[in-house]
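Hello,

Here is the structure I promised to pass on. My notes on helix packing and the overall fold follow it.

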Amino acid sequence: MMKMKKLRVGQIGTLHDHSQGKLACAAKFPDIFEIVGIVPDSDETIAEARARGYENFTYLTREQLQKTKPFCDYPLLTEEQLYNAGCDLILVEGFEYDLVPTALRCIENRIPVHMDKPAGCDLSEFERLIEAARRKSLSLQLAYMYRYNPAVIDCVERISRGELGDIINVTAVMNIEYDITKRRWLNQFDAGMMFFLGCHMVDLVHLVRGVPDSITPYLTVCPDGGNRAVDGSSAVFTYPNGIAFVQSNGNEVSGFQRRQLVVSGTCGTYEIRPLEWQPRALISTAGNHTEPLEFPSIGSSRYDAMLLDFAAMVRGETENRFDYDYELDTQKMVLAACGLL
């Protein structure tokens, strides 16, 4: 069998919380990915992040990148050098509000893009990206990793087979216990936690429930320690036969353990808790019958299935299950849950 050509991959940006993990994930598969280099965040991007309200903004300088794993294993390039390096795909992992314009530049250079989330706060800007990718028939993957969570996949498959009946209620929670410094850091985002992490749960609501009739956001601030950021956020999604509820709170004791998805239907309920690192589920059906379900540990492999799927897309081996219109609908739901649409 002929050995498959490696995909040449570059990364733009290191400011996103997932930037180190994403690059390390690609490096785990040297038979699939050949990492050609990294483009550090520009001075303009760093200045923008600082200007948005986080006074103690910190980042890795070029010198620090050259001493920090996994960045130090690869050359630091300019964007132009990266575009001219024969990349088959680019990982966009910079400042959240700079993700979309960066991805658009990649698409304009005819390079498929894996872009971290959420897709900024300017819907028209994201629409331009979607249309450019559609026009050039280029793969665009948003980094909503829970789409690839084995328990979520099992839940969606059961829904599609009708095992849960008509879905009438969804509860999706992504909480965490941040210290005051991280909660102040959230102030750079207009909708704080809903924008930063709640978007993951909005995506899951879209996945299991579709586009709602309306979305009502509830955004709150816990001012202890001088915090001004929206560190408590919820949203209600209204459907013809029920609702979905999303919560993302950055100030909950042991909040990470409360990351969960509960899908209730007329024939049964599927509850996933925890979502990671070791996802577990409980399915309840008529007659008070419950069945516990266990899935392989995710651990450090939380991005693996997602990036491998993207590699298959770029090679033309599979279609993107989350097409351009799906991503556009997801982003509209995220912005509405953030009170920005």
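This is a predicted model: local features need pLDDT of at least 70, side-chain atom pairs count only at pLDDT 80 or more; totals for chains, interfaces and linings use all residues.

Start with α9 and α11. Helix α9 covers residues 192–209 and helix α11 covers residues 324–337. They pack at about 130°, and their axes lie 9 Å apart. The two helices are therefore oblique to each other. Their crossing is right-handed. On the α9 side, the contact uses M194, C199, V202, D203, V205, H206 and L207. On the α11 side, it uses Y326, D329, T330, M333, V334 and A337. By class, this contact has 9 nonpolar, 2 polar and 2 charged residues.

Helix α9 also packs against α7, which spans residues 150–160. Here the angle is about 25° and the axes are 10 Å apart. That makes α7 roughly parallel to α9. V152, V156 and I159 of α7 meet L204, L207 and V208 of α9. This contact has 6 nonpolar residues, with no polar and no charged ones.

Now the whole chain. It has 11 helices and 13 strands. The radius of gyration is 20 Å, close to the 20 Å that the globule rule gives for 341 residues, so the chain is as compact as a globular protein of that length. Its C-alpha atoms fill a box of roughly 60 × 60 × 35 Å along the principal axes. Of the 341 residues, 55% count as buried. Among contacts between residues at least 6 apart in sequence, 71% join residues at least 24 apart.

Best wishes

Methods:
Residues are numbered from 1 along each chain as its sequence is written. Side-chain values use heavy atoms; hydrogens and water are left out. Axes are lines fitted to C-alpha atoms, for helices over the stretch in contact, and angles run from 0 to 180 degrees between N-to-C directions. Helices (H or I, at least four residues) and strands (E, at least two) are DSSP runs, numbered from the N terminus. Angles under 35 degrees count as roughly parallel, over 145 as roughly antiparallel, 65 to 115 as roughly perpendicular and the rest as oblique. A crossing is left-handed if the near helix is turned anticlockwise from the far one by less than a right angle, and right-handed if clockwise. Contact means heavy atoms within 4.5 Å. Ala, Val, Leu, Ile, Met, Phe, Trp, Tyr, Cys and Pro count as nonpolar, Asp, Glu, Lys and Arg as charged, and the others, Gly among them, as polar. The radius of gyration is taken over C-alpha atoms; the globule rule is 2.2 Å times the number of residues to the power 0.38. Buried means under 20% relative accessible area, exposed over 50%, partly exposed in between (1.4 Å probe, protein chains only).
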